[in-house]
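Reader: Could you walk me through this model, going carefully and spelling out the cut-offs as they come up?
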Amino acid sequence: MGKVISIANQKGGVGKTTTAVNLSACLAHLNYKVLLVDIDPQGNATSGIGVEKGDMDRCVYDVLVDDVKAKDVKTSTIVSNLDAIPATIQLAGAEIELVPIISREVKLKKALDEIKSDYDYIIIDCPPSLGLLTLNALTASDSVLIPVQCEYYALEGLSQLLNTVRLVQKHMNHDLMIEGVLMTMLDARTNLGIQVIEEVKKYFRDRVYRSIIPRNVRLSEAPSHGRPAILYDAKSRGAEVYLDLAKEVIVNGERVR
Ligand code: ADP
Ligand code: MG
């Protein structure tokens, strides 16, 4: 059965999409079968793995709102072993259109349950909010991986996210776990980043990944080429550290089992 991991933080620009794309691609590179689910209306994860939004007649919107089956929406990608359920801007309406629908928080879970056994990992890229789309992701997930940017206000807003996780655990998904906290965009030239990491470790302790994602220009260039870093420049520091992260995620999963 595939393990479902949401990449979530309601703050924008902390590296969720970069992590979803590159973690998925690295797990696939390590020969695991992976499905990347984009539930951010921006669709950046979709284009980040080279799926042309213009070519799609269906997207995750149809799964959430119109009960189209996940297997009928998924597509292969330029990365072998990696499939995707894409998002288009149509998804922007889903947050409101889902409101009157019965069992609106379990739509994604029900859809993914049907194809879970085809994959080792299902990675969900969440939007920068704690609305119904993120609730669907957390309800569908075994765990949540939280990217935290190495900057001064890093911890701000995390208590809100953790409250949401607790609410989901209480009402929708008792088994939801914190997969780990990933420090992103570390600027090695300043001390601030290191101080922030220490601060976050005081709170999350061994749940903070040893792999720390540096600020890396290749990671920011790769999306405009529709490629994860491991395809765009496998020797870049960014690609290497995301590969390390993928190995950590695999080993942690084996320890829990
Ligand atoms: P989110 O999905 O949380 O909004 P993104 O992953 O889209 O965040 O990242 C925000 C911006 O920062 C993007 O332009 C992305 O290319 C860039 N970025 C993300 N991680 C890095 C990194 N480690 N080094 C350099 N640029 C990065
Ligand atoms: Mg994003």
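Author: Before the ligand shell, a convention on residue classes: Ala, Val, Leu, Ile, Met, Phe, Trp, Tyr, Cys and Pro count as nonpolar, Asp, Glu, Lys and Arg as charged, and the others, Gly among them, as polar. This is a predicted model, in which local features need pLDDT of at least 70 and side-chain atom pairs count only at pLDDT 80 or more, while totals for chains, interfaces and linings use all residues. Residues are numbered from 1 along each chain as its sequence is written, and chains are lettered from A and ligands numbered from 1 in the order in which they are written.

Reader: OK, and what are the confidence scores of the model?
Author: The model has an ipTM of 0.99 and a pTM of 0.97. The mean pLDDT of the chain (the predictor's confidence in each residue, from 0 to 100) is 95, with 99% of the residues at 70 or more.

Reader: Now the ligand: how many residues surround ligand 1, and which are the closest?
Author: There are 18 residues around ligand 1, and Gly15, Lys16, Thr17, Thr18 and Ser220 are the closest; a residue is near a molecule if its C-beta atom, placed from the backbone, lies within 6 Å of it. The elements giving two or more residues to this shell are α1 (16–29) and α9 (217–221), where helices (H or I, at least four residues) and strands (E, at least two) are DSSP runs numbered from the N terminus. The largest share, 3 residues, comes from α1.

Reader: And how does that shell divide by class?
Author: By the convention above, the shell around ligand 1 holds 6 nonpolar, 10 polar and 2 charged residues.

Reader: Switching to the fold, in what order do the strands of the sheet run?
Author: The sheet is open and has 7 strands in the order β3-β4-β2-β5-β1-β6-β7, with mixed pairing; two strands pair if DSSP finds at least two bridges between them. Because β3 (75–76) and β7 stand at the edges with a single partner strand each, one side of each is left without a neighbour in the sheet.

Reader: Which bridges does β1 make with β6, and in what sense?
Author: β1 and β6 pair in the parallel sense over 3 bridges, and isoleucine 7 stands opposite leucine 145 in β6. Strand β1 (residues 3–7) also pairs in the parallel sense with strand β5 (residues 121–125), over 5 bridges, with isoleucine 5 opposite isoleucine 123.

Reader: What about β6 and β7 then, how many bridges?
Author: Strand β6 (residues 143–149) and β7 are parallel partners over 7 bridges; valine 144 has isoleucine 178 as its bridge partner, and proline 147 has leucine 182. With helix α7 (residues 158–171) between the topics of these two strands, β6, α7 and β7 make a right-handed β-α-β unit, right-handed meaning that, with the strands pointing away from the viewer, the path from the first strand over the helix to the second runs clockwise.

Reader: Is β6 buried or exposed?
Author: Since 7 of the 7 residues of β6 are buried, β6 is largely enclosed by the rest of the structure; buried means 20 or more other C-beta atoms within 10 Å of the residue's own, exposed 12 or fewer, and partly exposed in between, with C-beta atoms placed from the backbone. Strand β7 (residues 177–184) is mostly covered, with 6 of its 8 residues buried.

Reader: Last topic, what is phi at asparagine 81?
Author: Phi of asparagine 81 is near 75°, a positive value in a residue other than glycine, and asparagine 81 is found in the loop between β3 and β4 (82–85). Asparagine 81 counts as partly exposed because it has 19 C-beta neighbours inside 10 Å.
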